[in-house]
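The sequence and structure come before the comments.

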Amino acid sequence: MKGNTFLYEIARWVAAAAAIFCLLWMFGGNTVSNADAREVADAVIETIDMENMLEADNQLIKRFYGLDPSAFESCILYYPNTNMMAEEVLIVKLKDMSQQDQVRAAIEARIETQKNTFEGYGVEQFEMLTNNAVVEVRGNFILLVVNSNSAEAQKAFLKAI
């Protein structure tokens, strides 16, 4: 009987610790960062070969993502200098946390559009979109990286914000 009580006590403490961990995980990622978006972008692009990439203007951001950059605190996009590549880096600093779903949906739509574009003939690019596209939403910052070095770019993003 004493053995069962001891096991129940341990199970209770484990459950409490797991609940605290889950709460921290769920709500800890939605904190507002005061980091400068340009500095975050610089940290991310340091991890990527940018030789064949250009920085987009607001018009291209609207065309590719359907987002109005003036609605956000900052919106930075790097895209390939040729239509034969799928690599992209998008960093958005939100004005309001309620914009998260809108930006996430625009990113998911862009990834699907790109997959449809490269499916069938751009095998390497399609695989990059399928296996190396990283979307990270952390509070008021959102990152999309489509690159063979996306994991390192994601780490740089998280460290910079």
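The points that follow go from the overall fold to the hairpin, the cores and one glutamine.

1. The structure is a predicted model. The protein chain holds six helices and five strands. Read from the N terminus, these elements follow the order α-α-β-α-β-β-α-α-β-β-α.

2. Burial, surface and contacts. Of the 161 residues in the protein chain, 40% are buried. The accessible surface of the chain is about 9,700 Å², and carbon and sulfur atoms account for 54% of that area. When contacts between residues at least 6 apart in sequence are considered, 59% of them join residues at least 24 apart.

3. The hairpin. Strand S4, residues 133–138, pairs with strand S5, residues 141–146, in the antiparallel sense, and six bridges link the two. Valine 134 has valine 145 of S5 as its bridge partner. Two residues lie between S4 and S5 in this hairpin, and glycine 139 in the turn has a positive phi of about 60°.

4. The largest nonpolar core. This core comprises 25 residues, and the members with the most contacts inside it are Tyr65, Leu90, Val92, Val103 and Ile107. At least two residues each are supplied by helix H3 (58–65), strand S2 (74–80), strand S3 (88–93), helix H4 (100–118), helix H5 (123–131) and S5. H4 gives the largest share, namely five residues.

5. A separate core. Another core, of 17 residues, lies apart from the largest one, and its members include Ala35, Val44, Ile48 and Val89.

6. Glutamine 114. This residue is located in helix H4. Is glutamine 114 buried or exposed? Its relative accessibility is 10%, so glutamine 114 counts as buried, the limit for that class being under 20%. Setting aside neighbours within four places in sequence, glutamine 114 contacts Met85, Ala86, Glu88 and Leu129.

Conventions. Residues are numbered from 1 along each chain as its sequence is written. This is a predicted model: local features need pLDDT of at least 70, side-chain atom pairs count only at pLDDT 80 or more; totals for chains, interfaces and linings use all residues. Side-chain values use heavy atoms; hydrogens and water are left out. Helices (H or I, at least four residues) and strands (E, at least two) are DSSP runs, numbered from the N terminus. Buried means under 20% relative accessible area, exposed over 50%, partly exposed in between (1.4 Å probe, protein chains only). Contact means heavy atoms within 4.5 Å. Accessible areas come from the Shrake-Rupley method with a 1.4 Å probe; for residues, only the protein chains shown count as cover. Two strands pair if DSSP finds at least two bridges between them. A nonpolar core is a set of buried Ala, Val, Leu, Ile, Met, Phe, Trp, Tyr and Cys residues joined through side-chain atoms within 4.5 Å.
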